[in-house]
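Subject: Structure handover

Hello,

Here is the structure for your files. My notes on it follow below.

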Amino acid sequence: MAELVVLGFSDKEKAEAVMRLGKELSHQELLDLEDAALAWRTMDGKIHVRQSYSTTATGAAGGALWGSLFGLLFLMPVFGAAVGAATGAVAGKLTDIGMNDAFIKEVASTLEPGRAAVFALVRRSTPDRVREALRPFSPVVLRTSLTRDREEELVAALQQTPPVPGTGPGREPA
């Protein structure tokens with residue numbers, strides 16, 4: 001089962017950088033996301049949401065494939081692809097998988113103007129490596145579906161300051 005983690009950021013640019021980082025960590029097989037979204041509030045108070053998984057595009061692609069196949073049966077593959085893509089796009093638009101849009105907007109409405117949040121449904125991860133990669137962005141944990149102990153562990157790990165090279169137990173900085 002996927003775990004939900006919502007991290008808050010001081011601005012949209014940091015949140016966008018974390019979304020890019022998520023893709024990079026996925027390519028390195030350190031993070032497996034079921035869904036992710038970016039929400040931000042502009043200075044005039046408007047809320048914007050960008051989801052990483054487009055059900056409309058996926059539906060259109062699947063519909064075009066099936067439409068082409070049925071079109072071939074009736075010797076009209078282009079027409080079949082067009083009808084299939086349109087039908088698939090509509091079905092995809094009406095499908096809500098992953099995170100609930102109303103939940104994303106509800107949490108985003110609590111953001112102060114100029115701030116942003118990243119929503120992630122995490123299937124699997126390498127927690128220590130992911131936390132280490134996130135730490136420079138100074139995220140704040142807004143919501144999670146983690147147990148209280150695991151959430152406290154996450155908050156503590158993200159608030160840690162990385163060690164200064166040449167320091168450590170029993171060493172004085174140079």
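Predicted model: local features only at pLDDT ≥ 70, side-chain atom pairs only at ≥ 80, totals over all residues.

Residues are numbered from 1 along each chain as its sequence is written, and side-chain values use heavy atoms, with hydrogens and water left out.

Overall layout

The protein has six helices and five strands; these are DSSP runs numbered from the N terminus, helices being H or I with at least four residues and strands E with at least two. Their order from the N terminus is β-α-β-β-α-α-α-β-α-β-α. Of the 174 residues, 33% are buried. The protein exposes about 11100 Å², of which carbon and sulfur atoms supply 59%; accessible areas come from the Shrake-Rupley method with a 1.4 Å probe, and for residues only the protein chains shown count as cover. Among contacts (heavy atoms within 4.5 Å) with a separation of 6 or more, 72% are between residues 24 or more positions apart.

Strand E1 and its partners

Strand E1 covers residues 3-9, and six of its seven residues are buried. Two strands count as paired if DSSP finds at least two bridges between them. E1 runs antiparallel to E4, with seven bridges joining them, and in E4 the bridge partner of Phe9 is Ala116. E1 also runs antiparallel to strand E5 (residues 140-144), here with four bridges; Val6 has Arg143 as its bridge partner in E5.

Nonpolar cores

A nonpolar core is a set of buried Ala, Val, Leu, Ile, Met, Phe, Trp, Tyr and Cys residues joined through side-chain atoms within 4.5 Å. The largest one has 23 residues, and Leu7, Leu38, Val118 and Leu134 have the most contacts inside it. The elements that give two or more residues to this core are E1, helix H1 (12-27), strand E2 (31-41), E4, helix H5 (127-134) and helix H6 (148-159). H1 supplies the largest share of this core, five residues. Apart from this core lies another, of 13 residues, among them Leu4, Val6, Ile104 and Ala108.

Val118 has a list of contacts beyond its neighbours within four places in sequence: Val5, Val6, Leu7, Phe9, Ala15, Val18, Met19, Ala37 and Leu38.

Helix H4

Helix H4 (residues 101-108) has Ile104, Val107 and Ala108 as its buried residues. Seen down the axis of H4, these residues fall within an arc of 100 degrees, so they line one face of the helix; the arc is that of the directions from the helix axis to the C-beta atoms. An α-helix has 3.6 residues a turn, so residues three or four places apart point the same way. The buried residues of H4 pack against E1, E2, strand E3 (47-51), E4 and E5. At the N-terminal end, H4 is capped by Asn100, a side-chain oxygen of which lies 2.6 Å from the backbone nitrogen of Ala102.

Individual residues

Arg123 is found in strand E4 (residues 116-125) and is partly exposed, with a relative accessible area of 43%. Leaving aside neighbours within four places in sequence, Arg123 is in contact with Ala2, Asp32, Leu33 and Glu34. The C-alpha atoms of Arg123 and Ala2 are separated by 4.4 Å, although these residues are 121 residues apart along the chain. A polar atom of the Arg123 side chain lies 3.5 Å from the backbone oxygen of Leu33. A polar contact here is a pair of N or O atoms within 3.5 Å; within protein, one must be able to donate a hydrogen and the other to accept it, and residues adjacent in sequence count only if both atoms are side-chain atoms.

Glu29, in the loop between H1 and E2, has a phi of about 60 degrees and is exposed, with a relative accessible area of 71%. Ser138, in the loop between H5 and E5, has a phi of about 50 degrees.

Regards

Key
Buried < 20%, exposed > 50% of the residue type's maximum accessible area, 1.4 Å probe, protein only.
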